[in-house]
Amino acid sequence: MSLRIDDLVITLGDRPLLALPALAVAPGEVVTVMGPSGAGKSTLLAFLSGTLDAAFRARGRVWLAGEDVTNLPPHRRRIGLLFQDDLLFPHLSVAENLAFGLAPGLRGAARRARVAQALAEAELAGFGPRDPATLSGGQRARVALLRTLLAAPRALLLDEPFSKLDVALRGRVRDFTFAAARREGLPCLLVTHDPADAEAAGGRVLELGRG
Amino acid sequence: MRAAPWLTATLFLGPLAAGLAGTLLPAFGYLPALGGDSLSLDPWRALLAAPGLARSVMLTLGSGLAATLVALLLVLGFCAVTQGSAWARRAQAALAPVLATPHAALAIGFAFLVAPSGWLARLASPWATGWDRPPDLPIPGDPWGLALVLGLVLKEVPYLLLMAFAALGQVPASASLRAAAALGHRPVPAWFKLVLPQIYPQLRLPICAVLAFSLSVVDVALILGPGTPPTLAVLVLRWFGDRDLALWFPAAAGAVLLLGLVLGAILAWRLGERAVAALGRRWIATGHRGGQALLLRALAPAALGLLLAASLAGLAALIAWSLAGPWRFPEALPAGWTLRVWRAQSAEIAGPARATLLVAVLSTLAALGLVLAWLESGAGRRLRALVWLPLLLPQLAFLFGWQVALVRLGLDGTLAAVVWTHLLFVLPYVLLSLADPWAALDPRYARSAAALGAGPWRVFWAVKLRLLLRPLLVAAAVGFAVSVGLYLPTLFAGAGRITTLTTEAVTLAAGADRRVLGAYAALQAALPLLAYALAAALPAWLHRHRQGMRP
Amino acid sequence: MTQPTRRALLGAASLALAAPAWAQTPGHALLAADWPAVQREARGQTVFLNAWGGDDRTNAFLAWAGGRVQALHGVAMRHVRLRDTAEAVARVVAEKAAGRTQGGSVDLIWINGPNFLAMKEQGLHFGPFLDRLPNARFIDRLGKPSTIVDFTVPVEGLAAPWRMAQVAFIADSARVPQPPRSMAALLDWARANPGRTTHPQVRNFMGVTFLKQALHELAPDKAALLRPACDATLRPAADALWAWYDQLRPHLWRGGRAFPANGPAQRPLMLDGELDIYISFNPAEAAVAIANGQLPETARPFVLAGGTLGNTSFVSIPFNAAHAAGAMLVADFLLSAEAQAQAADPRVLGSPTVLDLAALPPEGRARFAALPAGPAILPPEALGRPLQEPHPSWMTRLTAEWEDRYGR
């Protein structure tokens, strides 16, 4: 599985916002995207996930594991998204959150077992029935990542996912995330302001908005 | 989904256009079915020659403007003196039941309270007043319309207060006052100088709706207003109901006159706004720091508390009468309590109660469906102004013409017609209460869900609706309460065949047994209260283990 | 189309030739159908009875009647509660103007006086149907002429009578031991007891009846009242009336500036002690209301020395009624000994029957014999023979003049 972007140009009105001639992200690779505010980092992620606002115009193609996903609706792309906030659905339990993205093929006991196994692997065994609002920040971040992984994504887009965590926690969650991406062989795009994130990612750094 | 705004617009424009045309044309003599096949000014001549018209118009203008002004001043005064204190929240919670109660039930309860033989007189007699018989005082129904004004204020204050609190939540009120305090301004005058100009733009539309409603209301005017002559709206309704259909022509002209009065009053209000704003700017420019506003500090909360107490006591009076055994004047309480009226009336009250529920549930569901589709499509922002039209036009000005159109369509007296007509008034309030929560929902939830493989329908049902369950149910309760309280729309579209607790209660208010009236009005008030309670209890129960879903 | 209807249609063809001159729906199939056919067609229908809904006693009686026709004939009855009978008339007129000649929304109207006349003049009644009703043969047409002539207007079988009404005043005997027995005496009494009597607002039939009752006493030419009012006859009569009323009005309840909405609205006012005397259309009003706790125990009826106005309540079927067969069945049930005795029961309505008791079979008579009597009921001999109602045009003209003089 790899992520490839060809000839991407995004404009807002007449104003070009972002141009990306070519970018390929290998399985397990984390490419860090940096740049000042307004450089188009979030716009790039929105384009990739298929939720670009109608006000923007985009040209170019996105390939995922050899498939052209440019015109697929967001829910068919299987591109995982993580934001600054964990965005766990507050009306669902931890287990229900995890099962939300789990493929419908898996049913009943097998489905519950899959969720329980994922929780156990993340050292959250027994957290299934819990109210997400009662979890600590680090636990919530891990559940959010698990939820994304259980949906069997083909790529990961990370929109400053560590910026709201305190420093002590940040490193652990970061390592946990990158390890998971490598283990699953997912191409990753990480948008961040924090050079430490880029350093930890250890991959290429793409600077937007600078020439 | 994209069609929703246009579908809604059609559902709105149809009745409004047909209704206005069907009122305007007869007002100028054109109604071929009754032999009026050319335009003329005869209807206007007949209208102007009607006994009592001049007094009726004065009464309408006076009571409508007074009710709006008094309600607004009370609300602003209260907001100014309670800014930042816990009282504001408490008042909002305490006024919720009043907000839910239909106008008619409040008015009937108020009449039960203040009439010469009402509860207040009974409580104070004969030990304080010396009355062993009720005094011969013209309350309610005084020729000046004071009871009518008070009855309207009772209901409009909670509504405007809610709107004011909503507006205050969106402006940096406390920060503005802190800045003013740092410059040596006292809080209450500073509130009027700094906060009021910020929230007023958001209050303008609700105020205009209150003004239009107060000028053209029929049910409250029938219950609390004078009868000889009555307000213009009641006069026009009388003519529309006369067996001599030739009176439809002056009635239509009267409805157009009422429309003119409402539009004129709104225009005058806007001019008044400017004048007040100009004076206010001059006041601000003088740099006066203002006084302590001690009088206002005492008066505004006291007046509000009095209104609240009057509303609740009125509702209690409804229940008390429906359960009263013998209750002679001036006894403070009935000699005994009995379920006799409820038992005797249960069969008769069941029909209107069912119809009330059915119409309210169907019109609320229809409104919710349209509003959700509308909001979800993200389109039609400009069409929103249209949705306000039914609240800004006098109901009589288009309901008569709409009724004629319904007869043509063969729909009069059907459930569909009543639900459709209720929709015109339910939908604006549903949209109003849902639009802000909908816009405030973090769009990243939907994006997260889509990234997890959920299609648009699943995102809508399993994420958005569930996250917005509380405001959704509140909007539904508001819509339900609006529908339950509608009088004229039910009267016209229901053609007498579909009667609700409201139409029955207003009919009974003309003087039947207070026990029976109390039962109808109490039930009419109870239904919306139950809906509000359900809207509060259901999410609380569903989310009892979900801290993140608590308000 | 069902079997009986087709047969009824065939029968109608022959009747059309023999239809009386006053037929408003000549050739209507139901007017020729035999009664069992009407019953079959009516079964399963829902009859919308449009009736003034301002009196909870009457409402309760009509609800009882609805239950009985459902049980006896499988006909459902819904009471559309009107604030004013004119609303139903207006609806029928509007439907005719809109071209709706069948499937109309009003099946049966409680009607008399100007409303009956207005519909008759515009040909809006179904019928004549009265003599199609089996129970119509028991009506006391000789003893109660207002069952066939309503406000001087011949009914001609276009409406079925269902209860008698006669003006009776109610006085609280604890406060008025010697009630005034004429309208002139009422004025003197009101002067001495300001604010303690009133009349319903004149747009209500009870309110204008108060004026008509006075008119009957004060008009110089009483015979003129039985003819349509014209300026020549109206002026002297109305002038005499207003001269009296101008003196009375300041002494009425609320200074004559506000009026109870209708007749029953006066009851709570007497119960609370605001009124000592008020006008009613039911000699048994006091008895019924005392039994229901709506009037003080001391309330007593009285009539005027010169007699009081009496009339009959009818039901009529609009020409375009959607459920005319069901409406006929309801009208017939209202004429039955069972319904008439129920209405006459002073615990229910206390309305005098329209039937001739002597003509009834014994079991029907027995129902009436079983009714209780009480001190608050005027026996027929005390009530006196009712005065005939003036022509409806008097009512219309008086209402308009009153509004012009006092409604500004």
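Two residues are in contact if their C-beta atoms, placed from the backbone, lie within 7 Å. By that criterion, 41 residues of chain B are in contact with 49 residues of chain C in this predicted model. Chain B also meets chain A, through a contact that takes 21 residues from chain A and 19 residues from chain B.

**Chain B as a whole**

- Chain B holds 23 helices and two strands, and its radius of gyration of 24 Å is close to the 24 Å that the globule rule gives for 551 residues, so the chain is as compact as a globular protein of that length.
- Taken along the principal axes, the C-alpha atoms of chain B fill a box of roughly 65 × 60 × 55 Å.
- Of the 551 residues in chain B, 53% are buried.
- When contacts in chain B between residues at least 6 apart in sequence are considered, 80% of them join residues at least 24 apart.

**Helix 16 of chain B**

- Helix 16 of chain B, which runs over residues 395-409, has 15 residues and reaches 20 Å from its first C-alpha to its last, close to the 21 Å expected at 1.5 Å a residue.
- This helix of chain B is mostly covered, with 13 of its 15 residues buried.
- Just after helix 16 of chain B comes B:Gly410, which takes a positive phi of about 70°.

**Where chain B touches chain C**

- In the contact of 41 residues of chain B with 49 residues of chain C, the elements that give two or more residues to the chain B side are helix 14 (340-377), helix 16, helix 22 (501-508) and helix 23 (514-542) of chain B.
- Sorted by class, the side of chain B that touches chain C has 18 nonpolar, 11 polar and 12 charged residues.

**Where chain A touches chain B**

- Chain A gives 21 residues to its contact with chain B, and the elements of chain A that give two or more residues to this side are helix 2 (74-77) and strand 6 (79-82).
- Strand 6 of chain A provides the largest share of that side, three residues.
- The residues of the side of chain A that touches chain B divide into 11 nonpolar, seven polar and three charged.

**The two domains of chain C**

- The domain assignment of chain C gives domain 1 (20-164 + 311-376) and domain 2 (168-307 + 385-406), and the C-alpha centres of these two domains lie 27 Å apart.
- The contact between them takes 17 residues from domain 1 of chain C and 21 residues from domain 2 of chain C.
- On the side of domain 1 of chain C that touches domain 2 of chain C, the largest share, three residues, comes from helix 5 (residues 113-121) of chain C.
- By class, that side of domain 1 of chain C has seven nonpolar, seven polar and three charged residues.

**The largest nonpolar core**

- The largest nonpolar core has 378 residues, of which B:Ile108 and C:Val330 touch the most other members.
- Helix 17 (residues 415-440) of chain B gives the largest share of this core, 15 residues.
- Both domain 1 and domain 2 of chain C give residues to this core, so it lies between them.
- Leaving aside residues up to four places away in sequence, C:Val330 touches C:Val47, C:Leu49, C:Val69, C:Val75, C:Met77 and C:Leu108.

Definitions and conventions:
Residues numbered from 1 in each chain as written. Chains lettered and ligands numbered in written order. Predicted model: local features only at pLDDT ≥ 70, side-chain atom pairs only at ≥ 80, totals over all residues. Core = buried A, V, L, I, M, F, W, Y, C linked by C-beta atoms within 7 Å. Buried ≥ 20, exposed ≤ 12 C-beta atoms within 10 Å, placed from the backbone. Helix = DSSP H or I, 4+ residues; strand = E, 2+ residues; numbered from the N terminus. Domains from an automatic or database assignment. Expected span 1.5 Å × (residues − 1). Rg over C-alpha atoms; globule rule 2.2 N^0.38 Å. Nonpolar A, V, L, I, M, F, W, Y, C, P; charged D, E, K, R; others polar.
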